[in-house]
Amino acid sequence: MLVNGAVITGKGATKGRSAEEVEQIRTILRGRFDSLNAEYELAVAENQKLRLVEIGDAAGDDQADSGSKTAERDAATSLLRTLLDRRTQAEHAMQRLDDGTYGNCEGCSNAIPWERLEVFPSATTCVHCKQNRERRAS
Ligand SMILES: [Zn+2]
């Protein structure tokens, strides 16, 4: 009897790829995750500093000042969100690599072209579904 998970089933894009190629993707994803993680931690620290400064000199603020601070804070917040999103994506892709679903589109479950995965290793949807998603989100 076979141990669970020993056999990669399905029609994933990783099927027919050499173990070496799959390992390569894993290494890229791991590197991406690590650097995004580091960037995120840094951004969180920066963000906290920004808030502390803000609390510190809020008393003497005029309108223009607090306006530019709000913009600065918004930019910092959206950077945090972007980094977190990307980190989650990379993590998600690694999980899919582990469970053998990597390379299949989460939208239409067709195989994502390998060329796309090479450029965007954390992609979990094909170009078509990605565009659909973005259209829905905006
Ligand atoms: Zn799709």
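Predicted model: local features only at pLDDT ≥ 70, side-chain atom pairs only at ≥ 80, totals over all residues.

User: Why is Thr 70 called partly exposed?

Analyst: Thr 70 has 33% relative accessibility. Buried means under 20% relative accessible area, exposed means over 50%, and partly exposed is in between (1.4 Å probe, protein chains only). So Thr 70 counts as partly exposed. Thr 70 is found in helix α2. Residues are numbered from 1 along each chain as its sequence is written, and side-chain values use heavy atoms, with hydrogens and water left out.

User: What makes a stretch of the protein chain a helix, and how many helices are there?

Analyst: Helices are DSSP runs of H or I with at least four residues, strands are runs of E with at least two, and numbering starts from the N terminus. By that rule the protein chain has 4 helices and 0 strands. From the N terminus on, the order is α-α-α-α.

User: How do you know which residues coordinate the zinc ion?

Analyst: Donors are N, O and S atoms within 2.8 Å of the metal (3.2 Å for Na, K and Ca); water is not among the atoms, so sites may look incomplete. The SG atoms of Cys 105, Cys 108, Cys 126 and Cys 129 lie at 2.3 to 2.4 Å. In sequence, these donor residues are spaced C-x2-C-x17-C-x2-C. Cys 105 and Cys 126 link distant parts of the chain, 21 residues apart. Cys 105 is in the loop between α2 (63-99) and α3 (114-119), while Cys 126 is in the loop between α3 and α4 (127-137). Both Cys 105 and Cys 126 are buried.

User: Why is the arrangement around the zinc ion called tetrahedral?

Analyst: Four donors count as tetrahedral if all angles lie between 85 and 135 degrees. Four count as square planar and six as octahedral if opposite donors are over 155 degrees apart and all others between 65 and 115; anything else is irregular. The 4 donor atoms here subtend angles of 101 to 115 degrees, so the arrangement is tetrahedral.

User: What makes a set of residues a nonpolar core, and which residues have the most contacts inside the largest?

Analyst: A nonpolar core is a set of buried Ala, Val, Leu, Ile, Met, Phe, Trp, Tyr and Cys residues joined through side-chain atoms within 4.5 Å. The largest has 16 residues. Ile 25, Leu 29, Leu 97, Tyr 102, Cys 105 and Leu 117 have the most contacts inside it. Helices α1 (19-57), α2 and α3 each supply at least two residues of this core. A second, separate core has 5 residues, including Leu 36, Tyr 40, Leu 80 and Leu 83.

User: Which residues does Leu 29 touch?

Analyst: Contact means heavy atoms within 4.5 Å. Not counting residues up to four places away in sequence, Leu 29 touches Ala 90, Ala 93, Met 94, Leu 97, Tyr 102, Pro 121 and Ser 122.

User: Why is Thr 124 called buried?

Analyst: Its relative accessible area is 10%, so Thr 124 is buried. Thr 124 lies in the loop between α3 and α4. Leaving aside neighbours within four places in sequence, its contacts are His 92, Arg 96, Asn 104, Cys 105, Glu 106 and Ile 112. In the protein chain, buried residues make up 28% of the 138 residues.

User: What about Ser 109: why is it partly exposed?

Analyst: Ser 109 has 39% relative accessibility, so it counts as partly exposed. Ser 109 lies in the loop between α2 and α3. Ser 109 is not a glycine, yet it has a positive phi of about 60 degrees.

User: What makes a space a pocket, and which residues are closest to the centre of the largest one?

Analyst: On a 1 Å grid over the protein atoms alone, a pocket is an open set of points with protein on both sides within 12 Å along at least five of seven lines. In a cavity, by contrast, a 1.4 Å probe fits but cannot get out. Lining residues have an atom within 4 Å of a point. Grid points are joined across faces, edges and corners, and a volume is the space filled by probe spheres set on the points. The largest pocket holds about 460 Å³. Of its 18 lining residues, Gln 89, Arg 116, Ser 122, Ala 123 and Lys 130 are the closest to its centre. The largest share of the lining, 5 residues, comes from α2.
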